[in-house]
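Me: I would like to learn how to read a two-chain model, feature by feature. Could we go through one together?

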Amino acid sequence: MGLFDDSFELSVSEVESVHSMDELRPFVSRLLGRYGLRHAAYLAVALPDQIDPHPVLVCTYPAQWTQRYIDQDYLAIDPVISAAATNLLPFDWSELSHRGIRVKQMFDEAQEFGIGRHGLSFPVRGPLGDHALFTVTSDASTSEWQKLKSSYMRDMQLIAHFVHGKVLEFERGDSAPIKPLSAREREVLGWAARGLNNDQIAFKLNISERVVRAYFESARHKLNCVNRSHVLARAISLRLVGPATA
Amino acid sequence: MIRLIQGRDSAYYPCEMEAMFRARTAVFHRRLGWNVTVHKGRERDRCDEENPLYLIALDDVTGDVTGSARLMPTTGPLTFGVSASDMFEEPIDLASGTVWECTRFCVHPGRRSSGSLRAATRVCFELNLAACELGLRAGLTQIQTVYDQLMVKVYERAAWGPTQVARSTRVGKLPAYVGVWDVTPRTLAEMRAASGIAHDVIEARPLPALREVS
């Protein structure tokens, strides 16, 4: 079962505990155990113009490795970084070319520092032209890794976007949604806050249940929440729904 | 067969890109009468500048380009994508890290692809199957797609299609729609059953950016 299944209420309180950049790393770290991962790393490649342009790195890698990476200027030759700039789809490090002495050296050294046998990176595109990359690594066997990947792909996409959303929030100093909720999204949330499930909301609004889910998922993303109860709680606290808007 | 081409890798695929932009002119500008920009016979918009992922349908026998579509995440700026278009009466601004949008979906005019209804339907299915295959690989939950009245008939004939979210009659000669469909193994199975295509349609080769470039 994925982290974002509604039955995992514990995940909401963990998510709610992320109030600052300092709390992001422990949050990401806690995910490793849950998903059987070795490391996770978030890198903001480009943040919105209005924010002082500096790379933001939140990772569980040992400090000695990040220092080595900087000292050797691996950023300039790292195929993961160049793949992130070009690709929209998540990519496995095994798909990348490891040709080149320095590239081979970098991957070998990463192994020595215990970064992980396998890596999977998720490019993130944001609402203000921002780009980021969220990577997870694993020491699982190759066949085990294939299974892990397919079962966790959706959760990892959600986590990648959630972490990016938090970084934007902290960097901007503003937790209001960047993309506003549409009238339909608020309408769906409003009925959900009154206890209706998706089928009931669909019936109420005379639309398909699939479309209700689409609106719900969009609201979830815009409010940077992880599951149904989280998005409802957030919507109510932001006064987007409630008795006044019923 | 479907070839995936990332916008930034266009230079490696001049034939496919040329065929696509010209076909888009024929379909969206001439046939459907949409308010699109055509320059030197090629239809392009600002989405094409944002490094989208193109799906290019190729004839299994001749290798001719028979259809194309464009995929983008929905998490980007509001100024791009479906939400940017003023085509729809209701603002469509669905955004999620697990929902991508599909635009400029078309069967290319030409002897093999549009000559027969069956061939055209097959191209449509290949494009949709490819979107579902890569959606499953990428952990997506849904795909949001823009289509026109002609496509509605194709979907009805095939007994599979997106669920309509919004409609516009202001677009061109025919109404246009935004619809969503679920990215699940079940959807893939339904599409495969409806199309009679039982295998993966995405070309099995590494994306260019991930290949070694000498």
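Predicted model: local features only at pLDDT ≥ 70, side-chain atom pairs only at ≥ 80, totals over all residues.

Me: What is the strand order in the open sheet of chain A?

Reply: Strands of a sheet pair through backbone hydrogen bonds, either parallel or antiparallel. Two strands are taken to pair if DSSP finds at least two bridges between them. In chain A, an open sheet of 5 strands has the order β2-β1-β5-β4-β3, with antiparallel pairing. Its edge strands, each pairing on one side only, are β2 (56–59) and β3 (91–92) of chain A.

Me: Which details can be read around β5(A)?

Reply: A residue is buried if 20 or more other C-beta atoms lie within 10 Å of its own, exposed if 12 or fewer, and partly exposed in between, with C-beta atoms placed from the backbone. By that count β5(A) is mostly covered, with 7 of its 8 residues buried. Strand β5 (residues 131–138) of chain A is joined by 8 bridges to strand β4 (residues 118–125) of chain A, and the two run antiparallel. Across this pair, H118(A) is opposite S138(A), and G119(A) is opposite T137(A). The two strands form a hairpin with 5 residues between them, and G129(A) in the turn has a positive phi of about 80°. β5(A) also pairs with β1(A) in the antiparallel sense, over 7 bridges; there A40(A) stands opposite V136(A).

Me: Which strands does helix α2 of chain A lie across?

Reply: Two conventions are needed. Residues are in contact if their C-beta atoms, placed from the backbone, lie within 7 Å. Axes are lines fitted to C-alpha atoms, for helices over the stretch in contact, and angles run from 0 to 180 degrees between N-to-C directions. Helix α2 (residues 21–35) of chain A lies across β1 (39–46) and β2 of chain A, at about 135° to β1(A). α4(A) also packs on the sheet: it touches β1, β3, β4 and β5 of chain A, and its direction makes about 35° with that of β4(A).

Me: What length should α2(A) have?

Reply: The expected span of a helix is 1.5 Å times one less than its number of residues. The 15 residues of α2(A) should therefore span 21 Å, and its end C-alpha atoms are 22 Å apart, which agrees. After α2(A) comes G36(A), with a positive phi near 65°.

Me: Is L32(A) buried, partly exposed or exposed?

Reply: L32(A) lies in helix α2 of chain A. L32(A) counts as partly exposed because it has 16 C-beta neighbours inside 10 Å. Leaving aside neighbours within four places in sequence, L32(A) is in contact with L37(A), H39(A), A40(A) and T60(A).

Me: What is the strand order in the 7-stranded open sheet of chain B?

Reply: The order is β1-β4-β5-β6-β7-β9-β8 (chain B), and the pairing is mixed. β1 (2–6) and β8 (163–168) of chain B are the edge strands. On average, neighbouring strands of this sheet are turned by 25° against each other, direction ignored. Within it, 6 bridges join β4 (residues 53–58) to β5 (residues 65–73) of chain B, which run antiparallel; L58(B) stands opposite V65(B) in β5(B).

Me: What radius of gyration does chain B have?

Reply: The radius of gyration is taken over C-alpha atoms, and the globule rule is 2.2 Å times the number of residues to the power 0.38. With 214 residues, a compact globule would have a radius near 17 Å; chain B has 16 Å, which agrees. Of those 214 residues, 46% count as buried.

Me: How many residues of chain A are in contact with chain B?

Reply: 33 residues of chain A are in contact with 32 residues of chain B. On the side of chain A, the elements giving two or more residues are α4 (79–86), α6 (142–172) and α9 (209–222).

How values were computed: Residues numbered from 1 in each chain as written. Chains lettered and ligands numbered in written order. Contact = placed C-beta atoms within 7 Å. Helix = DSSP H or I, 4+ residues; strand = E, 2+ residues; numbered from the N terminus.
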